[in-house]
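This report covers selected side-chain interactions and the packing around them. The model is shown first, followed by the findings by topic.

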Amino acid sequence: MNDILHLVLKHKWFEKIKSGEKTSEYRECKPFWDKRFMPIVDGTKPMWKYIVFHDGYTNKILKCELLSVAITKEKNDLNKNQVWELKLGNVLN
């Protein structure tokens with residue numbers, strides 16, 4: 001299995017992660033994401049070691065360590081009651 005998860009972000013969020021201001025990425029709890037993330041909610045490490053963020057559909061990328069993936073009800077930038085939280089580690093480039 002590939003150890004890199006690729007996600008496309010809007011420029012605003014890409015820059016916030018790049019600067020270190022944003023340390024978690026969120027995805028809605030919907031069938032699309034549930035199917036991908038559900039196998040790892042038992043507390044084990046995520047199946048990916050890294051996330052490569054793409055700044056929209058440009059050639060700009062940002063590689064980060066992925067520390068954990070879990071469902072959270074904490075405040076988030078999607079303003080949803082429950083979301084998938086992808087905790088980010090070090091920005092590698």
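K16 is partly exposed, with a relative accessibility of 24%. Salt bridges that share partners join K22, E25, R27 and D77 into one network. The model is predicted, and a search of the whole of it finds eight salt bridges. One of them joins K16 to E21, with the closest N and O atoms 3.2 Å apart. E21 is exposed, at a relative accessible area of 58%.

## K60 and its two partners

K60 forms a salt bridge with E15, in which the closest N and O atoms are 3.5 Å apart. K60 lies in the loop between β3 (50–55) and β4 (61–72), while E15 belongs to helix α1 (residues 11–19), so the pair ties together parts that are 45 residues apart in sequence. K60 is partly exposed, with a relative accessible area of 37%. E15 also counts as partly exposed, at 28% relative accessibility.

K60 forms a salt bridge with D55 as well, and here the closest N and O atoms are 3.3 Å apart. D55 has a relative accessible area of 6%; this value is under 20%, so D55 is classed as buried.

## E25 in strand β2

E25 is found in strand β2, which covers residues 24–28. The relative accessible area of E25 is 5%, which is under the 20% limit and therefore makes E25 buried. Strand β2 is largely enclosed by the rest of the structure, because four of its five residues are buried.

The side chain of E25 makes polar contacts with two side chains. The contact with K22 is 3.4 Å, and the contact with R27 is 2.5 Å. K22, E25 and R27 are among the members of the salt-bridge network that also includes D77.

Strand β2 pairs with strand β5 (residues 83–91) in the antiparallel sense, over five bridges. The bridge partner of E25 in β5 is L86.

Leaving aside residues up to four places away in sequence, E25 touches L7, L9, I17, F53, W84, E85, L86 and L88.

## The nonpolar core

The largest nonpolar core has 17 residues. Those with the most contacts inside this core are L5, L7, I17, F37, I51, F53 and L86. At least two residues of the core come from each of β1 (4–9), α1, α2 (31–37), β3, β4 and β5. Strand β4 gives the most, with four residues.

L5 touches F37, W48, Y50, I51, V52 and L86, again not counting residues up to four places away in sequence. F37, I51 and L86 are, like L5, among the residues with the most contacts inside the core.

Note on methods: Residues numbered from 1 in each chain as written. Predicted model: local features only at pLDDT ≥ 70, side-chain atom pairs only at ≥ 80, totals over all residues. Heavy atoms only, no water. Buried < 20%, exposed > 50% of the residue type's maximum accessible area, 1.4 Å probe, protein only. Polar contact = N/O pair within 3.5 Å; in protein donor to acceptor, adjacent residues only side chain to side chain. Contact = heavy atoms within 4.5 Å. Pairing = 2+ DSSP bridges. Salt bridge = Lys/Arg side-chain N within 4 Å of Asp/Glu carboxyl O. Core = buried A, V, L, I, M, F, W, Y, C linked by side-chain atoms within 4.5 Å.
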